[in-house]
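User: I'm new to this one and would like a close look at a single spot, with some of its surroundings after that. Here's what I'm looking at.

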Amino acid sequence: MLEMTAAAARRAAVAAQGFTDRRSATPPTRRRILATVDRTGLLQLDSVSVAVRAHYMPVFSRIGGYDRGILDAAAWRHSTSKPRALVEYWAHEAALIPVADWPLMRWRMRRYEGGRWAGERRVLDRNPTLGKDVLDVVTEIGPASAGEVERHLQIDSTGTRGPWWGRSDTKVVCEQLFASGALSVDRRVGFVRHYDLAERVLPAAITAVELSEPDAIRELIRRAAHALGIATAADLRDYHRLSVGQAAPAIADLVDEGALVPVTVRGWDAPAYLSRDARIPRRAAGTALLCPFDPLVFFRPRAERVFGFRYRIEIYTPAHKRVHGYYVFPFLHRGELVGRVDIKADRAADALRVPGAFAEDGRHSGEVAEALAVELRSMATWLGLSDVVIGDRGDLAAELAVRV
């Protein structure tokens with residue numbers, strides 16, 4: 001069995017995610033942006049917008065400042081000249097995925113036909129015809145939010161309001177129809193989903209594709225391996241939230257095929273698999289701010305295994321108990337996680353605020369502060385903010401403040 005050092009495995013992981021590629025001096029094109037998404041395989045969605053929405057940041061982290069409108073248009077505003085390239089679905093969590101990957105999720109859609117979670121199933125049980133009613137409304141009026149659907153359901157055949165369905169139940173059923181693949185997301189307005197029939201959102205050539213569950217799982221594992229470079233079985237499963245029972249046969253098949261190469265990584269506590277097309281750079285490289293939902297770090301056990309970086313989100317931790325801050329970005333420099341930065345976009349003050357900046361053990365240096373200052377200035381420019389304001393929390397704050 002092939003044996004690798006932990007440093008070589010780390011370089012492979014960083015390279016697979018695109019951090020070692022040279023950033024272009026010109027504004028990234030639609031093709032470059034979509035190639036970046038194709039490389040990660042997904043962009044996780046999250047409602048938190050303290051600095052910037054989670055799905056925008058991984059693209060910036062890899063290619064620098066880009067027009068977020070291009071990503072929006074690829075995912076949520078269909079046009080005949082530039083077809084929709086991305087679509088929402090449950091991948092790692094709620095995520096944008098390439099349109100071509102929609103058929104890989106049909107097995108999950110079938111499982112969600114009776115509800116994605118217990119509360120959803122209870123709503124379906126007590127409202128057995130609501131799903132059909134929602135589909136009828138969307139068929140008639142086109143893309144609509146759950147609130148708009150609910151308002152149409154409240155009007156009876158005579159045009160007067162009736163006591164039909166509660167808004168919360170309607171919202172749950174819209175989400176269930178999305179999870180089961182009957183509805184998709186045509187667009188978002190203020191980050192609110194506007195649902196439409198899946199066959200009106202996606203090309204017919206995509207909705208017509210049918211794959212068996214084993215074939216789909218095998219392809220999802222293949223794509224996870226490509227995105228991760230090197231990974232344990234747990235890492236491969238987590239990327240698209242697969243079970244042990246699903247993943248194990250797929251991994252075995254891909255090993256037999258030669259797409260995955262079993263390896264031992266010194267210091268890792270589990271066997272690993274190297275993607276056949278993984279690249280292992282000779283030197284560590286890659287500098288970027290990472291949002292908490294970046295694919296490089298969103299599986300916390302992997303972040304600790306690969307980088308020795310123990311990470312938790314403290315949004316729901318009471319303020320007086322937070323160690324690093326409300327919305328903390330790991331900082332990747334020269335292929336290693338060397339710090340963490342609490343970041344907030346203060347639109348009213350036209351500033352990117354950094355209440356706290358912390359170096360990892362042994363990483364406190366002028367080089368780290370200078371590299372971080374460059375990334376913060378770049379992020380502020382991308383977000384249209386004029387200033388970067390450094391707070392006083394953290395052992396990196398003072399050095400950082402003199403460099404921004």
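Let's begin with Ser 61: is it buried or exposed, and what is its relative accessible area?

Analyst: Ser 61 is buried, with a relative accessible area of 2%. (Buried means under 20% relative accessible area, exposed over 50%, and partly exposed in between, using a 1.4 Å probe and protein chains only.) Before going on, keep in mind that this is a predicted model: local features need pLDDT of at least 70, side-chain atom pairs count only at pLDDT 80 or more, and totals for chains, interfaces and linings use all residues. Residues are numbered from 1 along each chain as its sequence is written, and side-chain values use heavy atoms, with hydrogens and water left out.

Ser 61 belongs to helix α3, which runs over residues 57-63. Contact here means heavy atoms within 4.5 Å.

From there, let's move to helix α1. With 8 of its 11 residues buried, α1 is largely enclosed by the rest of the structure. The buried ones are Ala 8, Ala 9, Arg 10, Ala 12, Ala 13, Val 14, Ala 15 and Ala 16. Ala 6 also lies in α1, but at 27% relative accessibility it counts as partly exposed. Neighbours within four places aside, Ala 6 is in contact with Val 265, Arg 266 and Trp 268. Gly 286 sits 280 residues from Ala 6 in sequence, with 17 Å between their C-alpha atoms. Just after α1, Gly 18 takes a positive phi of about 90°.

Now for the helices that pack against α1. Two packed helices are described by the angle between their axes and the distance between the axes. The axes of α1 (residues 6-16) and α12 (residues 213-228) come within 6 Å and cross at roughly 110°. Axes are lines fitted to C-alpha atoms, for helices over the stretch in contact, and the angles run from 0 to 180 degrees between N-to-C directions. (Under 35 degrees counts as roughly parallel, over 145 as roughly antiparallel, 65 to 115 as roughly perpendicular, and the rest as oblique.) Ala 12, Ala 13 and Ala 16 of α1 meet His 226, Ala 227 and Leu 228 of α12. Sorted by type, the residues of this contact are 5 nonpolar, 1 polar and no charged. (Ala, Val, Leu, Ile, Met, Phe, Trp, Tyr, Cys and Pro count as nonpolar, Asp, Glu, Lys and Arg as charged, and the others, Gly among them, as polar.)

With α15, α1 packs at an angle of about 130°, and the two axes are 9 Å apart. That makes α1 oblique to α15. Here Arg 10, Ala 13 and Val 14 of α1 face Arg 302, Val 306 and Phe 307 of α15 in the contact. This contact divides into 4 nonpolar, no polar and 2 charged residues.

Phe, Tyr and Trp rings (the six-membered one for Trp) pair if their centres lie within 6.5 Å; planes under 30 degrees apart count as stacked, over 60 as edge-to-face, and the rest as tilted. The count comes to 8 aromatic pairs. In one of them, the rings of Tyr 239 and Phe 298 have centres 5.5 Å apart and planes at 55°, so this pair is tilted. Tyr 239 is in helix α13 and Phe 298 is in the loop between β10 (288-289) and α15 (300-307), so the pair links distant parts of the chain, 59 residues apart. Both partners count as buried, Tyr 239 at 1% relative accessibility and Phe 298 at 10%. Elsewhere, ring pairs link Tyr 89, Trp 102, Phe 178 and Tyr 195 into a cluster.

Definitions and conventions
Helix = DSSP H or I, 4+ residues; strand = E, 2+ residues; numbered from the N terminus.
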